[in-house]
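Below is a short report on the packing of one protein chain. It covers a strand residue, the sheet, a helix pair and the nonpolar cores.

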Amino acid sequence: MPLDTILLLALPASGKSELRRYLASLDPATARSDFGLGPTVQLDDYPYVHLMRRISEELRAAGLPPAFFESDTHSMSDGRDWATLIHLLNEDYASLAGGWPPVGDPGEWLLERISGARARAGADPGFLPRGDRATIASRIRADAEQLVEERTPLRTAQGDTIVVEFARGGPAGAPLPLPPPHGYAFSLAALSDEILERASILYVWVTPEESRKRNRERARPGGDASILHHGVPEQVMFADYGCDDMDWLIDHSTTPGTVDVRGFQVPVARFDNRVDKTSFLREADWPPEKVADLHRELREVFGSLQSR
C-alpha cells in the first residue's frame, strides 16, 4: 500500500511547496515505485492565514478591533490560533471522503468555520461583532470564494496519498522544548486522530537563517500571494519562525524514527535542504540534472518512511 498521509513540515521558504509541486508532477507509476506514493491530494493552512489577515485588514478599515493580526506585519494576536489553523485542516481532511455540502455565501461560510475552529482551539469564537458580520463577510467574499473553489472539489480515492503542509516554530533564541502555543508539539497535538493514526512526517531541514534568506528571495513584488511566491513579514520570521522544535521532538521520542503525539508514534524522515535543492521548482523550466539529483535524494527519504 502507498503511504496514506504525509505531513510536510518545515520553516517558511524551506522548499515545502516546491516539493508538493514536484510530487504532483510525477507520473503515477514513478510516484508509486520510487516514493511509495499514490496520486497526491494536497492541503495546507496558508490560505487560511491569508484569509485571517484579510479579515483583520477589513476590520481595521472599518475601525473595529482586528481580531487576528494588529497589522500586516505582526504575528498572531492570540497564539491559540495556531491550533485554529489545525482544526480547519482537520475539517478539510475529513471532507475529502465526501466533499463539502453546498456553500451558500462563501464569506459567511468561512466566518462560521473560523468561529467553530476557534472554539475548539480554546480561543474566542465571537471575534466579530454580530452587527458587523454581514459587512465583513461581503468584503472577504471574493477571497473566500476562491477557497471554496479550491477545496470543495477535492476528493480522495483508495490508494491516494494526502499531503498536508504547515510551518511552525518559535522566537529566535528560545529554549527548547518550545512552550505552547509555539512549535510543532502544540500544533501536532491538535491534529485529529484520523490524521495521526495514518500519518508520516516529512521534515524539510533548513536553518532559520537560511529560511529568512529564502523567504526574502521568493517574495514577488506587486502582491503575489501565491503559495510559491508569498513572503512572510520579517518580524514574523524572527518572532514565530526564529527556531523550531522538530529536532528536539525526534531526539526525545520514545521510539527512534518517530515523533510522540498524544500517544501516537508518528514516523518521521528528514530531507536535508540546507543547501538549496528545491528553489528551481518555482520556475517553468527545470534543469534535468537538478531534477535527477532531487529525485535520487527524495527516493532515499521516502524509502525510510516506507520501512517504518
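## Packing report

S200 sits in strand β4 (residues 199-205); strands are DSSP runs of E of at least two residues and helices are runs of H or I of at least four, both numbered from the N terminus. The model is predicted: local features need pLDDT of at least 70, side-chain atom pairs count only at pLDDT 80 or more, and totals for chains, interfaces and linings use all residues. Residues are numbered from 1 along each chain as its sequence is written, and side-chain values use heavy atoms, with hydrogens and water left out.

S200 is buried, with a relative accessible area of 8% (buried means under 20%, exposed over 50%, partly exposed in between, with a 1.4 Å probe and protein chains only). Neighbours within four places in sequence aside, S200 is in contact (heavy atoms within 4.5 Å) with L3, T5, I6, L7, V266, P267 and L305.

The open sheet has six strands in the order β2-β3-β1-β4-β6-β5, with mixed pairing; two strands pair if DSSP finds at least two bridges between them. β2 (40-44) and β5 (258-261) are the edge strands, each with a single partner, so one side of each has no neighbour in the sheet. From one strand to the next the twist averages 30°. β5 and β6 (residues 264-272) run antiparallel and are joined by four bridges. D260 is opposite Q265 in β6.

Two helix orientations are tabulated; axes are lines fitted to C-alpha atoms, for helices over the stretch in contact, and angles run from 0 to 180 degrees between N-to-C directions.

| Pair | Angle |
|---|---|
| α2 (residues 28-35) and α13 (residues 288-306) | about 60° |
| α4 and β3 (161-166) | about 165° |

The axes of α2 and α13 are 8 Å apart. These two helices are therefore oblique to each other (under 35 degrees is roughly parallel, over 145 roughly antiparallel, 65 to 115 roughly perpendicular, the rest oblique). T30, D34 and F35 of α2 meet H295, L298, R299, F302 and Q306 of α13. α4 lies across β1 (5-9), β2 and β3.

A nonpolar core is a set of buried Ala, Val, Leu, Ile, Met, Phe, Trp, Tyr and Cys residues joined through side-chain atoms within 4.5 Å. The largest has 33 residues, of which I55, L110, I114 and Y241 touch the most other members. Helices supplying at least two residues each include α3 (46-61) and α5 (106-121). α3 gives the largest share, six residues. Beyond four places in sequence, L110 is in contact with Y48, L51, I55, I140, A144 and L147.
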